[in-house]
Each structure stands twice: as structure tokens, then as C-alpha cells.
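Work through the exercises below with the sequence and the structure open. Try each task before reading its solution.

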Amino acid sequence: MAIKPFQLKIIGMDNPHCMGTVRRAIASLPGILDLKLAVNQRAVILFDPTKTSDSVILNTIRDAGYEPILESEATVDREKQARQKEIQILSIKTGISMGLAIPLMILTMGPGFGLQLPQWILAHMAMIQFSLATPVMVVGYQFFTQGFYSVVRAKSANMDTLVSLGVGAAYLYSLFAFNSHHLYFEIAAFLIAFILLGRLLEAFAKGKTSAAIKALIGLQAKTAIVLRNGKEEEILIEAVQIGDVVLVKPGQKIPVDGEVTQGNSSVDESMITGEPIPVEKIKGSIVIGGTVNKTGSFTVQATHVGSETALAQIIKLVEEAQGSKAPIEAIADNVSAVFVPLVLVVAVLSFGIWLWAGQSFLFALTVFIAVLIIACPCALGLATPTAIMVGTGLAAQKGILIKSAAALQTAHTIQAIVFDKTGTLTEGRPMVTDIVPLSSDEKALLSVAASLEKRSEHPLGEAILAEAKAKNSPMNDVSEFDSITGHGIRGVIEGILYYFGNSRLMNDLQIDLSSTGSAVNVLQSQGKTVMFLATKTCLCGYIAVADPIKPYSKAAVQTLQVLGIQTIMITGDNAQTANAIGQACGISTVLADVLPKDKADAIKKLQDQGLRVAMVGDGINDAPALAQADLGIAMGAGTDVAIESGDMVLIKDDLRDVVIAMDLSRYTMRKIKQNLFWAFLYNILGIPIAAGVLYPVFGFLLNPMIAGTAMAFSSVSVLGNTLLMNTYRPIGSVK
């Protein structure tokens, strides 16, 4: 049996219900062997080409109401164009519908609030309402088509089904009762206009996957300088082969993964490890493609090229993780799947029973329409989007960018939060924390160290130079300067030969460090790097450099723990530094020496334990973990890739905003549930009355006008409850 794979991007398939619609449509075709769908709009289909074809599958997806794009065609530009087109169409439709629905609402509801209308308007009110409402029905035609497809093809009801039934009932009844005073054109028009507005806002938040991938791809070197036959030859990165010797000059991106064969330098590996301090590279050191060479030149023998490089693997991880995210339950769709069939059954049974009981066709039709109108999902259509809009607006005011309704809904279910260390819990840049003179004063110690580091261009030296500048320490001329690879530097200042470096350098000089007592060990246990200044015979003192913890990291972690959320720290740094930072922040679970792939795997292991996990990070190395997590939270000061991969962005770079995001999500979800209660209360109470259960005893029949009033009142209740969200205040221990 022949098997053909088929990879697609399906525009519009971005929620569980749409996935179900597409799945059922494709599965109905002969020859479908396997079908994998993801809410990031991607699909992988295996089929027997002797029983069906590419074109049949594509047309079937289009018939279901979605637009398929072949994966080979689904470039970043193509996706961007599709998204821009969607936003453009929704903007036009929203503008037209709002421009007509708002005047219609004013005309119909204004007199109830004392608005005096001219006599000629009152005389032609029905025709004016019809003229304003009908174009809105045309603009919102997709609610009727999608509602039809949902019932006929997917065999289930969704929000579009509810909207089309409610709008259709109100509009058709108004046409039927055109010469009466009981018209509901404004209800039909306003519902469509408001839902279109919600979908427009939602469209802006979609489509970030391609931006994240594009940013990652942009990190790759485009060319490489290869040494062949003793000559330098610049070639495209795709042409580099395993075993080639590549020359890397200062400031260049390292084009491939490999091993240093000659030369030495310091390399900025923050894109991989997240650590701000560049790493010294000498012969035999391993380097990673995409990292940046800082100062010296060296040659590298390629060991991994193309799709096998670490950066390429990171790109693949981001794609896979984004495609495997757990979908968010669509509350309204789940409710509508039961509610709509029930309403239809009640409406049809009521119509038939009253005809059978001897009532007129007009009586039975009035009951039928009243049931549909009181069940109209106006309030249901408002319940979730209004709360989401206010919730995301409140978050923005607090400096939290929430990219989608799904992210806001997910946050309230989070059970564990994994924090990256560097740039997230810490400042992300080395700073001088301690200056300890032994044979001189502090000013002299800093002056000599800074003078030496001015010549070295060593990464840690930048912190010492910044400290000297801040304290206005004088700089002295240095002669006979020399860099001692892996140990430190030396130079002559005012006739004295000084050495400045790590403990290995001091051991080589046979400098006794016992005079420091346990102080140095204490500093190192706190995750600080200690550098010693000495002459040939005397220890002058030492300076400690560290990446300091952000001011509110500990407070944020403690508050999350009070909320019952487990906190974990993950980092590429060594265990000693990591444990010191974790202890200072109040985090007991610390994962150290973790590479990018391991970060994503660590998130997945927590998810496999049944936990819903959030990841907070700021670096390129965090992108796979941000994508793998149920909720990715990026620091606003982080890289573009981290920001694009995250579901939320903390604009103010303040970890207390993580607490606010969790709390605001819980608050918003409470409001959504309250809104759904109000959305159904009047409808559920009114449906039996609209069906005529009170008529045999009391002679009371709920006419459509009262049904419409009850429906409108439920909408007002929902809107009022939503507006109360503006009184939200963050939990007291945060801000």
C-alpha cells in the first residue's frame, strides 16, 4: 500500500472546535491513514494516493470553511500576508457593522431614556431599522455559513450556530412583524457587530509563531570563511561540510558547531547558556554556531553543520513545542453543544404541541420565535469576550502584555512556575559586589585593578571598569602588559609588577591566600566570582563580581508560594552559583548546568507528572522552554525571540508582575463564570414560559417583546458584572 505524507497550514483552525470540524471533514474521506492536527494551525496527514488525492483533501478543507496552505508554501511572508488580509477584512466588517448598529441602538433605545425623535423618523421607524440592520446581516454572513457547516458537517453546534439562530430569529421575526411596534432588528445588528469586534482584537494576537522562528533563523551566520589549500574562501553557510576548517574573526558569528584548532578568544554564549559573561576559548574548546566571537581570532573544525547545529535544533524545538501545546477548552462552544440542540427541540416541540392542541399557526409560530429569541446568545456572546477584553486591558495597565485569550485563561490553572536565572531572577549583567583590600586601601585596589582591566578587554573587567568610573577612581598607565590565558593578566604600574586573576594564578605565583580566611569561600558560596590582586610576593586584596538578584525576585517567589504555586529555578550556570541564587530567592528546587534542549525536556517532565507549568525567561536559550510550557512568560527586557515565543510579556521587567498575571487570570475566570451564570439565568427561566407552560392555567403567553427584554437584561447584567472588573486591585503583598 502506498503512503503519502501531506503537511499543511490551515488558516482559521486555531481552537479545539475548529480542529474537530476539520478532523471530521478529512476523516470522512477514503484512504486517510493518519491525521495529526495542532491549534497552531498545522496539520500532518498520511493518506493512500490510490484512494484520494492532494486536491480532494484541499477542497474538503475549503468546503469546511477553512483555507489550507501547503507547508512548502507556508513561508513567513505568506503567513504574514494571510494574517494581514484577515485583519483588513475584519476591520472593514467591524467598521461597517458598528457604524450601523450604534445608530440603530440609539434610535430604538433612545426614546426610553428621554430622547425625542423627529416625527418623520417615528413614522418610518420600521423601514429605517430594516435599512440599518440588513447590511449588518450581510457583513456577518460567515456566522450563518459557519453555523451551518458546524451542524451539517461537524455534527455539533458552536458559537456561530448560537449566533446564527439568535440573530436569525430576531431578524426574521422583525420581518414577519414589520408593521407592528415589536421589532428586534437592533438586537440582531448589535450582536453581530460586537462579536466581529472581538474577533478583530483576537486576530491581532495571532500569528506569533512565524515571528519567533524568523527571529531564530536570523541568528544564523549567512557565510563562513573556510581555509582550503592554504587560502581563505568565503562561502555560503549551506556549503560548509563536516571537517572543514573555518576562520572566525573578532566580532563575527561562529558559523558552525565545532572544535577550536588554533588561537584563543572569549565568546559570548548568552544565546545558548543565558549567561552574560563570555567564555574563554582555547585550542580544544567546543564552540557553538550562532554564538559571537568577542576579541581574538581562531580556527574551528566543523563537527555539526546545517540542521545538526545547536541553533538549528533550538529552532526545531520551538516549532515542535508550539505545535504540541495543550488546547484551551472553549467554554461557550462546550455549553452550546448541549444548549442549542436542547433549545431547538423545545422550540419545535412547542410549535407542534400547540398546533396539535388546536391553536392557530400564528400562535404556534409566535411561541416558536419567542423560545428562540429568549435563548438568543447575546449575553453568552458577551460573557467571555468582554471579560477577556477588560482583563487584558487591566493587565496592560499593570505592564503585562497578554497575547491571547487562551493565555489569560491558562494562567489560572498553573501549578508550577519555572524561572530562568540570568536576566529573570537576576539583573543579567555582572557587577562588583565586594572590594576587600589587604595591603592597601579600597580606592588604590580598585584603581590598580581597573587600570589593568582597561588593557585586557576581559568580560569581567567591564564590571570593574564600570565600578571605577562610578567611583571616579584614577586610571594609571600600564606597561609590559600581558594576558595569561585562563588565569588572568599582569602589568607594570609605577614600577611595580601586578598580577590580577583567579586562584589558579595565585597558586602559580605561590601567593598564600590563607590571610583571606573563610571570607573568599563565603563569597564563592554566594555565587560570586573572586579575582585577586597581588605583586610577586604580596597579596594586595580581592574583588568579587556577581550577577545581582533583582530587587523584587524574592518577594515575587514568596507570594507565588503563598498562592500554592510551586517555584523552580533552571539555569545553564554551575551548581554552586545556581544554588546560592536559589537560596537567596527562596527557591528550593534548583536545576543547574542545563542546556536549551534540557530546559524544554525539564518542562515536559513536569507536565508528564500532571502539572500545568509556566516558564519565565528572557533569553534565546529559553525559547524552546517558553514554547513547551503551558504558559510562556517573557521578560520585556529580554530578546525578541523570547518575547515572540512567550504567551505573556512583562513589559516592566518586574517579576512581581508574574504574581499579578496569575491573580488577574483567576479573577477574570471567576468573572467569566459569573457572566455565564447571568447569561443563562433569564434564558433558562424564560424558555419554559416562552414555550407556553403558563398559558393553560393563567392565560399568559410570553410574547417576543418580553422575551427580547429578558434577553437584553441578561446582556446588561453581564456587561455590568464585567465593568466591575475595573475595580480590581492586585493582591496586597505584591504592589
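**Exercise 1: a hairpin and its neighbours**

Task: Find how β20 is joined to β21, and which strands pair with β20.

Solution: A hairpin of 4 residues links β20 to β21. Strands here are DSSP runs (E, at least two residues) and helices are DSSP runs (H or I, at least four), both numbered from the N terminus. The model is predicted, so local features need pLDDT of at least 70 and side-chain atom pairs pLDDT 80 or more, while totals for chains, interfaces and linings use all residues. Residues are numbered from 1 along each chain as its sequence is written, and side-chain values use heavy atoms, without hydrogens and water.

Next, look at the pairing (at least two DSSP bridges between two strands). β20 and β21 (residues 539-546) are antiparallel, with 6 bridges; Phe532 has Tyr542 in β21 as its bridge partner. Strand β19 (residues 496-501) is also antiparallel to β20, through 3 bridges, and Phe500 lies opposite Leu533 in β20.

Last, check the cover: of the 6 residues in β20 (529-534), 5 are buried, meaning under 20% relative accessible area with a 1.4 Å probe, protein chains only.

Technical notes: Buried < 20%, exposed > 50% of the residue type's maximum accessible area, 1.4 Å probe, protein only.
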